[in-house]
Amino acid sequence: MGLFFYITIIVGFSLIYYGYVKKIDNDLKKKELEIEEKKIELEIKKVDHNNSEKEKE
C-alpha cells in the first residue's frame with residue numbers, strides 16, 4: 001500500500017466530489033427553469049385575463 005494506493009483514493013474522492021457538485025448545479029438550473037416557466041405561465045394568464053375583460057366592455 002504505497003503511494004499508488006493513496007493517489008487512487010484521492011482521485012476517487014475527487015471524482016465523487018466533482019460528480020456531486022455537478023449534480024447540485026444541474027438541480028439548481030432545473031429549478032430555475034421551472035420557476036421561469038411558472039413566471040411565463042402567470043404572465044400569459046394575466047394577459048388572457050386582461051384581454052377577456054377588454055372584450056366584455
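Modeller: A residue counts as partly exposed when its relative accessible area falls between the buried limit, under 20%, and the exposed limit, over 50%. Tyrosine 6 has 47% relative accessibility, so it is partly exposed. Keep in mind that this is a predicted model.

Start with the location. Tyrosine 6 belongs to helix H1, which covers residues 3–56. Phenylalanine 5 is placed in helix H1 too. Its relative accessible area is 35%, so phenylalanine 5 is also partly exposed.

Now the ring contact. A pair of aromatic rings is described by the distance of the centres and the angle of the planes. Searching the whole structure gives one aromatic pair. Its members are phenylalanine 5 and tyrosine 6, with ring centres 5.5 Å apart. Their planes stand at 70 degrees. Edge-to-face requires over 60 degrees, so the pair is edge-to-face.

Next, the setting. The protein has one helix and zero strands. The radius of gyration is 25 Å, well over the 10 Å that the globule rule gives for 57 residues, so the protein is more spread out than a compact globule. The C-alpha trace spans about 85 × 5 × 5 Å along its principal axes. From tyrosine 6 to serine 52 there are 46 residues along the chain, and their C-alpha atoms are separated by 69 Å.

How much of the protein counts as buried? The share is 0% of the 57 residues. The protein exposes about 5,900 Å². Carbon and sulfur atoms supply 64% of that area.

One charged contact deserves a look as well. Side chains of opposite charge can pair when their charged atoms come close. The whole structure holds one salt bridge. It joins aspartate 27 to lysine 23, with the closest N and O atoms 3.4 Å apart. The cut-off is 4 Å, so this contact at 3.4 Å qualifies. Aspartate 27 and lysine 23 both lie in helix H1. They are four residues apart, about one turn of the helix. Aspartate 27 has a relative accessible area of 34%, so it counts as partly exposed.

Back to the residue in question.

Conventions. Residues are numbered from 1 along each chain as its sequence is written. This is a predicted model: local features need pLDDT of at least 70, side-chain atom pairs count only at pLDDT 80 or more; totals for chains, interfaces and linings use all residues. Side-chain values use heavy atoms; hydrogens and water are left out. Helices (H or I, at least four residues) and strands (E, at least two) are DSSP runs, numbered from the N terminus. Buried means under 20% relative accessible area, exposed over 50%, partly exposed in between (1.4 Å probe, protein chains only). Rings of Phe, Tyr and Trp (its six-membered ring) pair if their centres lie within 6.5 Å; planes under 30 degrees apart count as stacked, over 60 as edge-to-face and the rest as tilted. A salt bridge is a side-chain nitrogen of Lys or Arg within 4 Å of a carboxyl oxygen of Asp or Glu. The radius of gyration is taken over C-alpha atoms; the globule rule is 2.2 Å times the number of residues to the power 0.38. Accessible areas come from the Shrake-Rupley method with a 1.4 Å probe; for residues, only the protein chains shown count as cover.
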